[in-house]
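Me: I would like to learn how to read charged pairs and helix packing from a set of coordinates. Could you take me through one case, step by step?

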Amino acid sequence: MAMPQATMELRPLGNTGLKVSAVGFGASPLGSVFGPVAEADAVATVREAFRLGINFFDTSPYYGGTLSEKMLGKALKALQVPRSDYIVATKCGRYKEGFDFSAERVTKSIDESLERLQLDYVDILHCHDIEFGSLDQIVSETIPALQKLKQEGKTRFIGITGLPLDIFTYVLDRVPPGTVDVILSYCHYGVNDSTVLDLLPYLKSKGVGVISASPLSMGLLTEQGPPEWHPASPELKSACKAAVAHCKSKDKKITKLALQYSLANKEISSVLVGMSSVSQVEENVAAVTELDGLGIDQETLSEVEAILEPVKNLTWPSGIQQN
């Protein structure tokens, strides 16, 4: 197969030496989390993403109860390209059965993930949603276990993920410099919530790469609206609904605007977007291409920001969420 077309900007990820595509491929939908996805569609979606220059793929054993990893593994194998041509992140500690950040479980977890992904190693292994465990256990037990896995060559880099931003500083202040390479934050860098900005100088000082997920705030900024389980307040949901309606009245897509807003900040290495169809891939890549060429629609963005101003940076407590 031919090499991917270089249509996607690649950005450095902290001190890792990795260069990740500005848009990352969020593979949770491949686990049929948001509706069934056939294997042939998963393979075609990953193939098109890779062809258009997306080189970063993110999954977890939690997504679809291991189905996402299996589907992504099959799709990556079908590419028939050198392993070094793509970057894969998976996670440990969160499973369909619940949370387990013990050294024993995460050590077993990576072997299971590698088998499902049909890979010899992953590029990044994240502790998944660490606010649901003991942060002190993460520091004293989980991360040292991941360091051993790094020495064994099963992962190249170590990351942590979660919703509350203070979990990142808590852990990073308590582990030796350079121990954690990457953080994955979600729902905190979008048009309605940009609170991760306050953390960027700190993360840069630690040499930690930043991945941001869910620029659409888990469905708040979509025409379909958020799923029923969405933990946002009625006030936040209502304001986002008004912003969506405003864009629609102007024949503009809020999803494109929201993605471009997140992509415009180059301090964030990659913006993860869930994808499960070729058309979604093409739409996301087109948003990047347009941003690079024409720039963002400043007029509509200003109008949307005005609508969202009363709820700006209104987040929700980290409860049960399905990221």
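Charged pairs and a helix contact

Reply: Let us begin with a single residue of this predicted model: glutamate 290 has a relative accessible area of 28% and is therefore partly exposed.

Me: With which residue does glutamate 290 form a salt bridge?

Reply: Side chains of opposite charge can pair when their charged atoms come close. In this case the partner of glutamate 290 is lysine 256, and the closest N and O atoms of the two are 3.0 Å apart. Because glutamate 290 belongs to helix H9 and lysine 256 to helix H8, the pair ties together parts that lie 34 residues apart in sequence. Lysine 256, with a relative accessible area of 33%, is likewise partly exposed.

Me: Where do lysine 253 and glutamate 283 lie, and how should I read their pairing?

Reply: Their side chains meet in a salt bridge, with an N to O distance of 3.3 Å. Lysine 253 sits in the loop between helix H7 (234–249) and helix H8 (254–263), whereas glutamate 283 is in helix H9 (residues 278–293), so this pair ties together parts that are 30 residues apart in sequence. As for accessibility, lysine 253 is partly exposed at 44%, and glutamate 283 is partly exposed at 40%.

Me: Is arginine 11 buried or exposed?

Reply: The reading rests on a cut-off, since buried means under 20% relative accessible area. Arginine 11 has 4% and therefore counts as buried, while glutamate 9, at 21%, counts as partly exposed. The side chains of these two residues meet in a salt bridge of 3.3 Å, N to O, and Glu9, Arg11 and Lys266 are linked in a network of salt bridges.

Me: How many salt bridges does the count come to?

Reply: With the criterion of a side-chain nitrogen of Lys or Arg within 4 Å of a carboxyl oxygen of Asp or Glu, the count comes to 22 salt bridges.

Me: Turning to the helices, at what angle do H2 and H3 pack?

Reply: Helix H2 (residues 67–79) and helix H3 (residues 103–117) pack at about 45°, and their axes are 7 Å apart. Angles under 35 degrees would count as roughly parallel and those from 65 to 115 as roughly perpendicular, and H2 and H3 are therefore oblique to each other. On the H2 side the contact is made by Glu69, Lys70, Leu72 and Gly73, and on the H3 side by Ser113, Arg116 and Leu117. Sorted by class, this contact has 2 nonpolar, 2 polar and 3 charged residues.

Key
Residues are numbered from 1 along each chain as its sequence is written. This is a predicted model: local features need pLDDT of at least 70, side-chain atom pairs count only at pLDDT 80 or more; totals for chains, interfaces and linings use all residues. Side-chain values use heavy atoms; hydrogens and water are left out. Axes are lines fitted to C-alpha atoms, for helices over the stretch in contact, and angles run from 0 to 180 degrees between N-to-C directions. Helices (H or I, at least four residues) and strands (E, at least two) are DSSP runs, numbered from the N terminus. Angles under 35 degrees count as roughly parallel, over 145 as roughly antiparallel, 65 to 115 as roughly perpendicular and the rest as oblique. Contact means heavy atoms within 4.5 Å. Ala, Val, Leu, Ile, Met, Phe, Trp, Tyr, Cys and Pro count as nonpolar, Asp, Glu, Lys and Arg as charged, and the others, Gly among them, as polar. Buried means under 20% relative accessible area, exposed over 50%, partly exposed in between (1.4 Å probe, protein chains only).
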